Amino acid sequence: MTPLRQDRVMLLGPLLAVLLFLAAIVSSFAYLRLEEAEREREAVQRDVEYTQQRLRARLLEQQEQFVSLGQAISNAEVDPESFASRAAALNRQYPEVQSLTWTDPRSVVRASHTQPSSPPAQWRRVGEPLDGEDARQGFILSQELLQPVFSQPLALRDASRDAMPMLQLHVPLISNGQFVGGLLVEYSVEALLLQGVPVELISRYAMALLDARSGVLAGTVLPARDAKAEPILGRAVGSDILEMPVSPVGNGLVLRAQAYRTSLGLVGSGLFWLVCALSALTVWMLIGTWRHTQRRVQAQRALIAETNFRRAMENSMPTGMRAMDLQGRITYVNAAFCLMTGFDEQHLVGRTAPFPYWPDEDREALAARLEDELRGRITPGGFQVRVKRKDGALFDARMYVSPLIDARGQQTGWMTSMTDITEPNRIRAQLSASYERFTTVLEALDASVSVAPLGSEELLFANKLYRQWFGAVSSGHLELSAQAGVPDSSVSGDLGSTQRDGADADPLAGLPADTVTSAVSESAEVHVFELGKWLEVRTRYLNWVDGRLAQMVIATDITPRRLAEEQAAAQAERAQSASRLITMGEMASSVAHELNQPLTAISNYCNGMISRIRSQQIQEEDLLLALEKTARQAQRAGQIIQRIRAFVKRSESNRSLAEVSHMVHEAVELADIELRRRNVRLSHYVAARLPQLWVDPILIEQVLVNLLKNAAESVDLAQRPAPGRAVELRVVPRQVEGQAAIEFTVTDSGAGLAPEVMEHLYEAFFSTKTEGMGIGLNLCRTIVESHRGRMQAENLYNAGSVSGCRFTFWIPLEPPLLDSSAEPAAAVIPKVAA
């Protein structure tokens, strides 16, 4: 048997004896206390039964008195005046009665008498209905049952009238079998308790009346002292507490009694305290012995647990541990060291240099380092060496050396930890190669890339192209971000920016409020005069490697693209002007015919006036009339020429707010010449109160003229009869793709479009006309789309055959936020020599 088990066996005997002794003492005290509690409970039960009988008898006696009064009222023996005297007599006889109220069948008070000491809130006034939910419910119940009914009082349930609980008795008034009213008797529960309980019992018990929810209505309630016991009669709450319902009220009124403590009991006796003191002394001595034994057992367990813990920790660590004495002899290696080198503990413990895990080519260097270790010259950050496994494989390791101190504070050797760093070295090499590749890619980019922190002039990164353009300073980065319209709070006194007062401006205003990873990059096009280049600048906020908020700016040279766009814009403008000239050329015969009419009329008016003047047969009024007609014809010809001149005149793009009705009027006047020549009827409808459009009016007129001219040609080629030769132009507001727009529709009664024509309708230089160039509809769609609109064409059918064609295009009402035709504002960014 081990010493630990022997100590436990020696301790169990005395401990068991003390426990039995304490159990006997506690059992004796408990038996005596139960006997005392039983006697107290029997006394309480006997006195409570007596009190309950007295209260029951008093309530029944009063109920008979009030029933007799009710019968007298029902037999008309008592009027309201005599009722007051009868009620006052009953109040003097029964002090607990607070008020008596006589009500009619509708619960309206006919007569009432209340104790003068009652608060005014309890007085019931003649002519008013009964107030209070309890009074109304009791009145209805007595009317239904035709017998006296006691209410079920609740503690402070009707606090609006008074804070004193009341018990109500409802006596029905019955005459010839009919309910003719009621008699309401209200008791003070406090007075009922004082009048119904004998004085000698009140001095011995804490008497109280409770409601159905155990709420205190009157009396005194003391906290229970003992645990619950089995009841004999009634509902026992404790050994000296008893509760019984009061008849005839029922469970709604409960009488509770609790005996006052009159003796000290066993706890107050001297023998009890003497026994307790001796028992406590014995227990204290045994507990002292037991605790001493327990401390020794705990120390042994802690030592074993600590040893096992350290062994488990050493075996689970991936770090190899090696201990050497002051002569350089290995005294200890852990499992990780053996696993890393491949040698077991027997082959390593007791060995001296050279050790079997030293590579042959590194033995001299390792021997010199071991000599330095033994002399105390150690490196605090450790050192990297190569280690040879048992199978000859080599791996990189880092060793840390520290002195080994014993319990007396003297050094007994050296402890070395070894970590395999082959994988970290490989990862470090890969990261270095990755960084080199990434830097090579950034240096070879044809875009300038720079990163600078907010609130500082430091340049965190700049690629080769940035350094060629701006040098190795951050001024170029800051100016690019400023010209791109990105807020910057980093430096003061920037070129091209206004110095702001730091006390009035928020230095973080304009920065992204969202997380950096979800912030949207911004771009702009700026012109750098010093470089002579157009640059597309893109900016984005990011978290730098050190956690600082930084801004990355990428600038791409877009000078060739800008030149190409300018050339394309010039070509498009020339094509539009050429298209207008071609349109007028195609309409030349119609224009000549249109001009010939006013010119012929002018010639006729002039020849007539000359003939009549020569023959002196004209009067002044006739001459003025002829001259006015001649002037109107000349004005008509001039308007035709002016309209054609404005239409074909080449001008710069000029978008402005234009009236839709004016553009339609000008286009209809120009196209109507061609339509009249082809004998095509033109009808147009423009919705009233249309808003203005942000457009180039000449270009929109060009689209309308082309569509109307094409519609007239289609009708003419279809050789429709005169009633069916019609073209309709409608301009109405529409909701297109969720935005408000103006829709232009040109409908003709021609032969429509063939499917093969519909596929190539908007292609450049595609035309179905022998003399056509195929640029009209292509330019029309280009013009409409440049105004952020859309154009479409469709055939119209009637009984399965094509009855015409409809061209539709729409222009949005809202102008663009940035006019695409306007050049970006020029920015000056100085070039700094590298």
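Trainee: Which strands does helix α10 lie across, and at what angle does helix α10 run to β14?

Mentor: Helix α10 (residues 422-444) lies across β13, β14 (394-405) and β15, and the angle to β14 is about 125°. This is a predicted model, in which local features need pLDDT of at least 70 and side-chain atom pairs count only at pLDDT 80 or more, while totals for chains, interfaces and linings use all residues. Residues are numbered from 1 along each chain as its sequence is written, and side-chain values use heavy atoms, with hydrogens and water left out.

Trainee: What makes 125° the angle of α10 to β14?

Mentor: Axes are lines fitted to C-alpha atoms, for helices over the stretch in contact (heavy atoms within 4.5 Å). Angles run from 0 to 180 degrees between N-to-C directions, so the value of about 125° describes how α10 runs to β14.

Trainee: How many helices and strands does the protein chain have?

Mentor: The chain has 19 helices and 27 strands. Both are DSSP runs numbered from the N terminus: helices are H or I with at least four residues, strands E with at least two.

Trainee: Which open sheet holds β14 and β15, and what is its order?

Mentor: Five strands form that open sheet, in the order β12-β11-β15-β14-β13 and with antiparallel pairing. Its edge strands are β12 (330-333) and β13 (383-388), as each pairs on one side only. From one strand to the next, the twist averages 35°.

Trainee: How do you know that β11 and β15 pair?

Mentor: Two strands pair if DSSP finds at least two bridges between them. Strand β11 (residues 320-325) and strand β15 (residues 411-420) have six, in the antiparallel sense, so they count as paired. Along that pairing, Ala 323 stands opposite Met 415, and Asp 325 has Gly 413 as its bridge partner. Gly 413 is also the bridge partner of Leu 404, on the side where β14 and β15 pair over nine bridges. Those two strands form a hairpin with five residues between them, and Gly 409 in the turn has a positive phi of about 85°.

Trainee: Which helix lies across β1, β2 and β5?

Mentor: Helix α2 (residues 80-93) lies across them, running at about 30° to β2. Helix α3 (residues 133-145) packs on the sheet too, touching β1, β3, β4 (166-175) and β5, at about 35° to the direction of β4. The strand order of this open sheet is β2-β1-β5-β4-β3, with β2 (109-114) and β3 (149-150) at the edges. Five bridges join strand β1 (residues 97-103) to β2.

Trainee: Why is Asp 104 called buried?

Mentor: Buried means under 20% relative accessible area, exposed over 50%, and partly exposed in between (1.4 Å probe, protein chains only). Asp 104 has 12%, so it counts as buried. Arg 106 has 66%, so it is exposed. In helix α12 (residues 475-483), the buried residues include Gly 476, His 477 and Leu 478.

Trainee: What makes the meeting of Asp 104 and Arg 106 a salt bridge?

Mentor: A salt bridge needs a side-chain nitrogen of Lys or Arg within 4 Å of a carboxyl oxygen of Asp or Glu. Here the N to O value is 3.9 Å, so the pair qualifies. The structure holds 36 salt bridges.

Trainee: Which parts does the pair of Arg 386 and Glu 361 tie together?

Mentor: Arg 386 lies in strand β13, and Glu 361 in the loop between α8 (345-348) and α9 (363-374), so the pair ties together parts that are 25 residues apart in sequence. Their closest N and O atoms are 2.9 Å apart. Arg 386 is partly exposed at 33%, whereas Glu 361 is exposed at 53%.

Trainee: Is Glu 674 buried or exposed?

Mentor: Buried, because its relative accessibility is 1%. Arg 677, at 38%, counts as partly exposed. The two form a salt bridge with closest N and O atoms 2.8 Å apart. Being three residues apart in helix α16 (residues 660-677), they are separated by about one helical turn. Both belong to a network of salt bridges that also links Arg 678, Lys 709, Glu 713, Asp 716 and Arg 725.
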